[in-house]
Amino acid sequence: MASASTAATAAPNSLSLPPSQFARLQPHAYLLAHLSPPSSSNQPSIRANGRAPSQFRVTSANAGSLTHTNGSAVVRLGDTTAVCGVRAEILHTDDIASWSVSQSTNANKRRRIGETEKESETADEEDRAHIEDLNLLVPNISLSTGCAPGFIPSAPPSALAQSLSHQILSLLHTTRLVQAEDLRIWYQPPNLGPEEAQQHNDEEQMDLDAGANEEETKPAEIKAFWVLYIDIMLISLAGNPFDAAWASVLAALRDTKLPKAWWDVDNESILCSDDVNESQKLSLRGLPISSSFCVFEADAAAGWRAVVIPDAEEQKAQDSKHGSQKWILADPDGYEEGLVQERVHFVVDKEEGKTVIVKMEKHGGWTVDSEDLRQLVDISAQRMVAGLVVPVACLPALVTLSPRHTGTSSESHIDHEPLHQPMTELG
Amino acid sequence: MNDRRRVNGPPGGTRPPVYASLLQSGTGADIRAQRQRQPTDLRKIFLKTGLIPSASGSSYLEFEPSASLAAARSNPKSLIPPSSALKLACTVHGPKPLPRSAPFSPNLVLTTHVKYAPFAARKRKGHVRDSSERDLGVHLETALRGAIIAERWPKSGLDITVTILEAEDDRWWGDVPDSHDASWGMMNVLAGCISAASAAIADAHIDCLDLVSGGVAALVSDDSTDSSSALPKLMLDTDPAEHRSIVSACVVAYMPARDEITELWLKGDSSKVSTADGDERSGHEALIDGAVDAARGAHTVLAEAVRESLQKALGQS
């Protein structure tokens, strides 16, 4: 590999190409020359964009600038810009086909589980069921805004856009960021006499039956849900779209205000108050921050083209050989993303002072081992402490971190592409 | 209907929130947005180029929020915004070679796409372009085609994409649409699209005859006295949310250097207008002149933005 790096440094002189053209003709050698400067020149290893390998781009966020949204944010991550708008609409329980059925089964379940397990467990399960099964969170990312040359405007969402939308959706579900309670619109039926209750419609009668053995007074019932349409327009794409999109979703959700809503019996519909003082902000669970890394290998082709049957010894030999020839680059820009195969992706959160890995994804290679992963978690966590993510700055105080279901918070999955590899485990 | 390539909401559909205050008649009349500007005053325009480095040319345009909107922002009382201010981003990709399958073209092939963000308007927009968005795209293409010197780029294509982050209202939110109501907000959006696209094309260093800018004028009958004899007045750069009744409106794409109109779109009844004494112009002449005046105003902003972008480009090289 020494030959490649010397060729890289020598080429600009002999061919007298300007750096920008050299970067275009020999992108891999160009980045390699930056990262491994000749030992004589005493220069630090630096990326072609002037950042240190573990340095993130400057993030800035601006919340609440769009008029027709319940919450909005513009996040700039270097040259990548994402605009996120949250619109809340109402889903009546009458419009949910399986509502009365699922309600009664839930009630049965509650009765059965209530004896053996904790009440909070079932409440958690119900929250999850409401948000996930009723599709109350609808994130969609749009890349067809002319954000980068490759995306055809007015074409259906590309594979990248689809995968980003689903990543955001699954992250919203697993982090349980939005509390289901915030999205419910309750109705407390007035305490009428028995003969008056007879005159009410059947639905209420059914609910009355279902809840009859719990309390004597009529139980409050859910009449509707808020559905949050989270639309992300990626205005400019210069690498790392997921981090930018997720940061904008987070900032927009923190900015989101839902009007006070109630069931109006006379109109048989949900009415809202337009008074700002009566509206309520969403209370989010935690502040999960996503950080992406990519691994730049000095000889990208060598390990990849050969068909390797992975076994421990060979792996070890490869590790020692590769030890000095890989760089883990934080927050890759568009140029670097085109040169790497292996990516690592973390979403971390703080819970009572401890760092929690909410999501971990690694695919495209095997050069990153568990030791590296641990370091990357530390880097991601530091980023959070340093307040590099500006949504924190938008609002004075951090949201109080409510206890979280351990099953979901420590969920992690490692994807390997294209060769299947034994899983690297975090100690 | 179910789009499998997107995350869909609840299958039963959702309803936008209904505000209780709207059900009582006559509410909001006192907080109705009113035009604070003179009839010939234009709104300030924020226009900046080169914000999207991956595109060959780009621009971002924003209209100054109206007085009522600015007041509502600084001191929020109601969740219903009184009016909205146009915000849009425009990117230009190209000139680039046409795909192999395309037939030979001696000129630059221009394609324009206008898309509203789902949260751009008071009513949620769909993800797929609707007819009004396609309509805007065609109007924008006509406006720009007259300005670009297309024969300098044979066999190449130019993609212009406009993303509207916030659109103008068609009327004040409390009003119900009446007989001579049309999508007046679309005309302001088109004017903004033309100016922004023109700046982005200049940013991409594509030869044009002149910077083409968009302007809107409207005939407005705002009198609350409701006397039928009162003739509609000419106003420049109208924000439809600030007016009781717009009778007709006109948007032009105009090149001042050649005194040429590349696109003209006139809607409504322009037969009657109250003009100054001695002014013999007919309604539609006054309307077009007004729109051209508005476009001239936008042109000064455009020229300044392009000068800035050029200075930046010179500083870099």
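In what order do the 5 strands of the open sheet in chain B lie? The order is β1-β2-β3-β5-β4, and the pairing within this sheet is mixed. The model described here is a predicted one.

From one strand to the next, the twist averages 15°. Within the sheet, strand β2 (residues 57-63) of chain B runs antiparallel to β3(B), and 6 bridges join the two. One position in this pairing can be given by residue: Tyr60(B) has Ala89(B) of β3(B) as its bridge partner. In general terms, the strands of a sheet pair through backbone hydrogen bonds, in either a parallel or an antiparallel sense.

Strand β5 of chain B contains Gly157(B). This residue has 18 C-beta neighbours inside 10 Å and therefore counts as partly exposed, since the buried class requires 20 or more. Leaving aside residues up to four places away in sequence, Gly157(B) touches Gly94(B), Pro95(B), Lys96(B), Leu98(B), Val109(B) and Thr111(B). Gly157(B) can also be related to Asn107(B): the two are 50 residues apart in sequence, with a C-alpha to C-alpha distance of 8.6 Å.

## Strand β8 of chain B and its partners

Strand β8 (residues 246-255) of chain B is largely enclosed by the rest of the structure, because 10 of its 10 residues are buried. It pairs with strand β6 (residues 213-220) of chain B in the antiparallel sense, over 8 bridges. In that pairing, Ala218(B) stands opposite Ala249(B) of β8(B).

β8(B) also pairs with strand β9 (residues 260-268) of chain B; this pair runs antiparallel and is joined by 8 bridges. Here Met255(B) stands opposite Glu260(B), a residue of β9(B). The two strands β8(B) and β9(B) form a hairpin with 4 residues between them, and in the turn Asp259(B) has a positive phi of about 50°.

| Strand pair | Bridges | Residues opposite each other |
|---|---|---|
| β6(B) and β8(B) | 8 bridges | Ala218(B) and Ala249(B) |
| β8(B) and β9(B) | 8 bridges | Met255(B) and Glu260(B) |

## Helix packing around α4 of chain B

Helix α4 of chain B takes part in two helix contacts described here, one with α5(B) and one with α3(B).

The axes of helix α4 (residues 184-203) and helix α5 (residues 283-316) of chain B come within 10 Å and cross at roughly 25°. The two helices are therefore roughly parallel to each other, as angles under 35 degrees are classed in that way. The crossing of α4(B) past α5(B) is right-handed. On the α4(B) side the contact is made by Ser195(B), Ser198(B), Ala199(B), Ala202(B) and Asp203(B), and on the α5(B) side by Ala298(B), Leu302(B), Ala305(B), Val306(B) and Ser309(B). By class, these residues comprise 6 nonpolar, 3 polar and 1 charged.

Helix α3 (residues 131-145) of chain B packs against α4(B) at an angle of about 45°, with the axes 10 Å apart. These helices are therefore oblique to each other. The passage of α3(B) across α4(B) is again a right-handed crossing. From α3(B), the residues Ser132(B), Leu136(B), His139(B), Leu140(B), Ala143(B) and Leu144(B) meet Met186(B), Val189(B), Leu190(B), Cys193(B), Ile194(B), Ala197(B) and Ile201(B) of α4(B). This contact has 11 nonpolar and 2 polar residues, and no charged ones.

Chain A holds 16 helices and 14 strands. Of its 427 residues, 38% count as buried. Among the contacts in chain A with a separation of 6 or more, 75% are accounted for by residues 24 or more positions apart.

Between the chains, 47 residues of chain B are in contact with 53 residues of chain A. The elements α1 (20-23), β3 (87-97) and β5 (156-166) of chain B each supply at least two residues of the side that touches chain A. The largest share, 5 residues, comes from β5(B). By class, the residues on this side of chain B divide into 23 nonpolar, 15 polar and 9 charged.

Methods:
Residues numbered from 1 in each chain as written. Chains lettered and ligands numbered in written order. Predicted model: local features only at pLDDT ≥ 70, side-chain atom pairs only at ≥ 80, totals over all residues. Buried ≥ 20, exposed ≤ 12 C-beta atoms within 10 Å, placed from the backbone. Pairing = 2+ DSSP bridges. Axes fitted to C-alpha atoms, helices over the stretch in contact; angles between N-to-C directions. Parallel < 35°, antiparallel > 145°, perpendicular 65-115°, else oblique. Left-handed = near helix turned anticlockwise from the far one by under 90°. Contact = placed C-beta atoms within 7 Å. Nonpolar A, V, L, I, M, F, W, Y, C, P; charged D, E, K, R; others polar.
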